[in-house]
Number of protein chains: 2
Amino acid sequence: MREIRFLLIGLGNLGRRFCELLAEKDAWLQERYGLALRLVGAADSRGTAYSPDGLRPALVAQFKREGHSIADYPGVGQPGGSALALVMSAEADLLLEASPVNLSQGAEPGLSCIRAAMRRGMHVSTPNKGPLVIAFRELHELADACGVKLRFDGTVAGGLPAINLGQRELRGAIVECLEAVPNLVTGYIMDLLSEGVVWDAALERARNEGVLEADASWDLEGWDAAAKLVILVNAVLGYPARLEDVERTGLAAVSVAELQAARERGSRYRLLAKAERVDGGVRLSVQPVALTRDHPLGNLGRKQMGVVYHTDIFGSITAFIEELTPVPSAASMLRDILDIFA
Amino acid sequence: MREIRFLLIGLGNLGRRFCELLAEKDAWLQERYGLALRLVGAADSRGTAYSPDGLRPALVAQFKREGHSIADYPGVGQPGGSALALVMSAEADLLLEASPVNLSQGAEPGLSCIRAAMRRGMHVSTPNKGPLVIAFRELHELADACGVKLRFDGTVAGGLPAINLGQRELRGAIVECLEAVPNLVTGYIMDLLSEGVVWDAALERARNEGVLEADASWDLEGWDAAAKLVILVNAVLGYPARLEDVERTGLAAVSVAELQAARERGSRYRLLAKAERVDGGVRLSVQPVALTRDHPLGNLGRKQMGVVYHTDIFGSITAFIEELTPVPSAASMLRDILDIFA
């Protein structure tokens with residue numbers, strides 16, 4: 001049995017659900033993979049808790065469901081404690097960085113936490129896009145220099161192993177073009193609009209379903225899809241794409257009449273992220289596109305995200321996921337962990 | 001630069017195309033992965049050739065395209081030489097076993113060649129279903145005992161990494177059910193029948209496209225799909241399924257009227273291979289099923305194969321491939337090789 005001491009930064013939708021997942025699967029993971037995952041430290045926006053003897057994931061999840069902070073954890077909670085201070089001082093083998101994406105503040109505090117963890121010899125798994133978008137190459141070089149592993153399969157398309165598929169299973173091939181529908185809420189909203197739901201009501205329904213980011217423009221203007229595209233292209237095409245390289249068109253560019261006309265001819269609008277190799281580089285775009293049913297991503301339902309790789313020797317390979325809850329996105333950290341340790 | 005000396009058994013559709021692929025990609029593979037793949041021995045049904053200095057893949061492919069045997073290879077060809085004798089005597093690091101599936105003769109000579117290669121310390125990659133269907137566990141135990149790797153990603157659904165996806169990316173999850181459309185020609189024939197093409201003409205067209213096995217019953221009666229299902233279930237579910245455990249229904253069970261009615265309501269018949277966990281085991285079936293467009297595999301075109309994994313924590317994950325030529329199936333051996341050595 002190998003014990004893995006880990007820190008968890010961010011106890012929102014993903015962090016909390018990872019705690020629930022771990023509480024449920026702990027015994028089985030020990031039996032099946034010989035790994036005992038021990039949560040020794042955690043942080044949310046209000047504070048931290050640290051205990052070398054371990055925090056109870058089920059209790060942490062319960063606290064968060066009830067609206068408390070990790071800082072309230074009996075005995076070891078630290079109101080006002082910072083995530084970075086926790087990473088700098090805790091003894092751990094692994095950091096799970098699951099704080100919300102925050103590009104406007106330089107992807108902090110996630111980026112600093114990841115750097116600090118790697119310098120202290122911790123492996124890192126993160127579903128947080130921010131640090132990878134801003135510092136993809138730097139973080140990979142740092143991981144190599146520190147002799148640790150960096151995994152981020154959950155940054156793109158939730159629980160779909162889009163990155164691993166592209167990085168591992170397409171070796172030997174040239175990916176000539178990739179297309180992805182990596183964002184759920186934009187497809188959902190366009191479907192509602194095409195059915196005659198008015199804009200404000202569509203947004204309201206998306207919000208009620210909890211699928212819209214607090215800052216709606218992040219989704220609606222294609223920033224989320226663009227960030228995911230940048231990570232995919234760096235990881236799979238090995239091309240140093242940056243967010244500002246993406247030609248980005250948001251939902252506002254398509255009219256309700258166009259959405260309805262597409263629906264009537266059996267097509268579905270989706271916010272399509274696309275990367276094509278062109279002379280000397282890669283052309284990157286995010287825009288609403290009416291996908292016919294013959295398109296590999298043209299049949300995605302409202303809870304489905306997917307990616308297509310067009311290759312020279314493996315034909316076209318498509319993968320998509322149906323994610324009815326945020327559990328698969330949280331589970332991406334478990335995939336990363338098993339990839340690192342098992 | 002690492003040199004990998006390999007043997008190639010079987011120079012039909014897959015073996016020959018692998019030679020073409022290698023001729024084309026050789027320099028790039030050396031540069032990109034630091035691997036120099038040197039074909040030192042090859043066998044077809046008429047003989048063998050062996051040269052420690054290497055055979056030229058482009059020349060081997062040309063011989064086969066022109067209807068010659070590898071036994072005609074200048075200087076080192078051995079008419080009547082056997083594949084097994086080659087494996088028993090050659091110095092090599094890797095066996096590619098690409099001979100045609102042959103279950104009626106105990107998957108020979110492939111099975112013996114694989115056993116012999118592993119005992120002699122060679123890694124093995126094979127797209128040949130026979131040996132895996134007959135001796136999945138034995139071959140895995142032998143590989144462990146010999147300290148070599150056995151890869152067989154090409155046995156199921158051609159160039160789609162169906163097995164790797166299930167084995168690697170779904171770790172931590174329970175696969176509760178899997179569904180696959182792993183055979184191209186049956187879907188093609190049912191599509192033609194549904195369009196009013198008569199049975200004999202549909203078969204003729206399938207034959208002309210080169211997608212029907214010499215023994216048509218292998219495809220039409222579902223044996224091919226059943227064999228692939230058995231391998232998938234062994235590999236991904238870890239359940240020791242055997243061919244005789246599969247409840248198998250061939251194309252003859254569905255009438256043209258049913259095919260046409262399905263087409264009219266927008267559904268597509270496909271030969272669906274399915275494994276469901278039930279109390280104390282796994283229920284395995286292969287049968288023609290009318291898939292609605294809402295089914296994850298309900299939109300597969302005539303050149304597309306796919307698989308769906310229904311899991312506890314990763315939702316439902318679907319992957320499919322569009323294979324317009326046999327190149328992706330041949331390329332599955334390159335995927336295996338990079339998995340073993342890179």
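Which residue of chain A forms a salt bridge with B:D339? The partner is A:R171, and the closest N and O atoms of the pair are 3.9 Å apart. A salt bridge here is a side-chain nitrogen of Lys or Arg within 4 Å of a carboxyl oxygen of Asp or Glu.

This is a predicted model, in which local features need pLDDT of at least 70, side-chain atom pairs count only at pLDDT 80 or more, and totals for chains, interfaces and linings use all residues. Residues are numbered from 1 along each chain as its sequence is written, chains are lettered from A and ligands numbered from 1 in the order in which they are written, and side-chain values use heavy atoms, without hydrogens and water.

**Two copies**

- Chain B superposes on chain A by a rotation of 180 degrees, with 0.0 Å of shift along the axis and an RMSD of 0.0 Å. The two copies are thus related as by a two-fold rotation axis.
- Of the residues of chain B, B:A319 comes closest to the rotation axis, with its C-alpha at 2.1 Å.
- Both copies use the same surface: 100% of the contact residues of chain B recur in chain A. Contact means heavy atoms within 4.5 Å.

**The interface**

- On chain B, 40 residues are in contact with 40 residues of chain A.
- About 3200 Å² is buried between the chains, and carbon and sulfur atoms give 56% of this area. Buried area is the accessible area (1.4 Å probe) that two parts lose on being put together, summed over both.
- The rule finds 8 salt bridges across the interface of chain B and chain A.
- Helix 12 (327-341) of chain B is one of the elements that supply at least two residues of the side touching chain A. The largest share of that side, 8 residues, comes from helix 12 of chain B.
- Helices (H or I, at least four residues) and strands (E, at least two) are DSSP runs, numbered from the N terminus.

**A sheet in chain B**

- Chain B has an open sheet of 7 strands in the order 4-3-2-1-5-6-7, with mixed pairing. Two strands pair if DSSP finds at least two bridges between them.
- Strand 4 (77-79) and strand 7 (150-151) of chain B are the edge strands, each pairing on one side only.
- Strand 2 (residues 35-44) and strand 3 (residues 47-50) of chain B pair in the antiparallel sense over 4 bridges.
- B:A42 has B:A49, in strand 3 of chain B, as its bridge partner.

Definitions and conventions: Copies are superposed by least squares on the C-alpha atoms of residues with pLDDT of at least 70 in both.
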